[in-house]
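Hello,

Here is the structure I promised to pass on. Have a look at it first, and then read on for what turned up in it.

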Amino acid sequence: MSDLQSAGAPVLTIDGPSGAGKGTVSSRVARALGWNVLDSGAVYRTVSLAALQRGLSADDEGALVELCRDLRLAFRAGEEGIEVLLDDRPVGDALRAEQVGVMSSQVAAVPAVREALLDLQRSFQAAPGLVADGRDMGTVVFPDAEVKVFLDASVAERARRRYQQLKDKGQLKDKGEDVTFDRLFRDLEDRDRRDRERSVSPTIPADDAVVVDSTRMTLDEVVDRVEELVRQRLQPTG
Ligand code: C5P
């Protein structure tokens, strides 16, 4: 364990593919423990949203790195999931748009962007602890984390959950087009492939991560399992 991290607050990393439920689980566990929370996907999504607004493409490396340096982000563990604050204001649903999701997996494949965001992400490690949600939290950003979870689920189940979520919010239209289950399934497959096969920080479990497959688990069961892992690692005799 590096001196830098061993001296810091404990970290629980929750990595895994899109739609596995990391955000909800992270938020619930952070609230239960009273810990801070980092939604690293939102970090990449915010850079992407700003890039789209400025008409930048995923290969405008210099301009993207500039954007990363200017980010003023904060997170709050809310009832429904992690709330993102940009310049002290809640960002709302803008970050969840499919177009932003697609752009973020392209932007996240740029090594200079990942490098530029490392210190920002590590700055969230603070007492009494941090729940860090993402793809490379346990492998790259917090390699010495006390507890590492890799939360997975089948593509079909993740597409089904996302479809239901959009339906519940009345958001099954994107630029006038119907969002279908098939399109969500294909988008997830493409994004998984890009995230898994990229050369920098691919989405893979850390060697010391516990893999939790939530395909046939309820949200409560996943939260209980993760809290149990934290208890085992942080209070081994308790
Ligand atoms: O988790 P979420 O879907 O919000 O993440 C958006 C995109 O950001 C992902 O598709 C992934 O490419 C990227 N990402 C990443 N590393 C992280 C978190 C997210 O590359 N730690």
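A word on terms before the findings: a residue is called buried when its relative accessible area is under 20%, exposed when that area is over 50%, and partly exposed in between. With a relative accessible area of 37%, Asp87 is therefore partly exposed. Please keep in mind that this is a predicted model.

**The overall picture**

The protein has 10 helices and 10 strands. Its radius of gyration is 17 Å, close to the 18 Å that the globule rule gives for 238 residues, so the protein is as compact as a globular protein of that length. The C-alpha trace spans about 55 × 40 × 35 Å along the principal axes. Of the 238 residues, 48% are buried.

**Around the ligand**

I expect you will want to go to the ligand next. Which residues come nearest to the ligand? Out of the 17 residues around it, they are Arg45, Arg114, Asp136, Asp195 and Arg198.

The side chain of Asp136 has an N or O atom 2.9 Å from a nitrogen atom of the ligand. Asp195 places a polar side-chain atom 2.7 Å from an oxygen atom of the ligand. For Arg198, an N or O atom of the side chain is 2.8 Å from a ligand oxygen atom. The ligand taken alone exposes 460 Å², and the protein buries 96% of that area.

How is the shell around the ligand made up by class? It has 8 charged, 6 polar and 3 nonpolar residues. At least two shell residues come from each of helix H3 (40-53), helix H5 (98-107) and helix H9 (181-197). The largest share, 4 residues, is supplied by H3.

**Salt bridges**

Searching the whole structure gives 17 salt bridges.

- Arg114 and Asp136 form a salt bridge whose closest N and O atoms are 2.9 Å apart. Arg114 lies in helix H6 (residues 111-122) and Asp136 in the loop between strand E6 (130-134) and helix H7 (137-141), so this pair ties together parts that are 22 residues apart in sequence. Both Arg114 and Asp136 are buried.
- Glu79 pairs with Arg31, with 3.6 Å between the closest N and O atoms. Glu79 counts as exposed because its relative accessibility is 67%, whereas Arg31, at 44%, counts as partly exposed.
- Asp88 forms a salt bridge with Arg72, and their closest N and O atoms are 3.3 Å apart. The two are 16 residues apart, with Asp88 in the loop between E4 and strand E5 (89-90) and Arg72 in the loop between helix H4 (61-69) and E3. Asp88 has 59% relative accessibility and so counts as exposed, while Arg72 is partly exposed at 48%.

What do the salt bridges that share partners join into one network? They join Arg72, Asp87 and Asp88.

**Backbone details**

Asp87 is found in the loop between E4 and E5.

Ser201 also has a positive phi, about 45 degrees, although it is not a glycine. Ser201 lies in the loop between H9 and strand E10 (210-213). Is Ser201 buried or exposed? Its relative accessibility is 13%, so Ser201 counts as buried.

Finally, there is a cis peptide bond between Ala127 and Pro128, with omega about 0 degrees. Pro128 is located in the loop between H6 and E6.

Best wishes

Note on methods
Residues numbered from 1 in each chain as written. Predicted model: local features only at pLDDT ≥ 70, side-chain atom pairs only at ≥ 80, totals over all residues. Heavy atoms only, no water. Salt bridge = Lys/Arg side-chain N within 4 Å of Asp/Glu carboxyl O. Buried < 20%, exposed > 50% of the residue type's maximum accessible area, 1.4 Å probe, protein only. Near = heavy atom within 4 Å. Polar contact = N/O pair within 3.5 Å; in protein donor to acceptor, adjacent residues only side chain to side chain. Areas by Shrake-Rupley, 256 points an atom, 1.4 Å probe, with all protein chains shown as cover. Nonpolar A, V, L, I, M, F, W, Y, C, P; charged D, E, K, R; others polar. Rg over C-alpha atoms; globule rule 2.2 N^0.38 Å.
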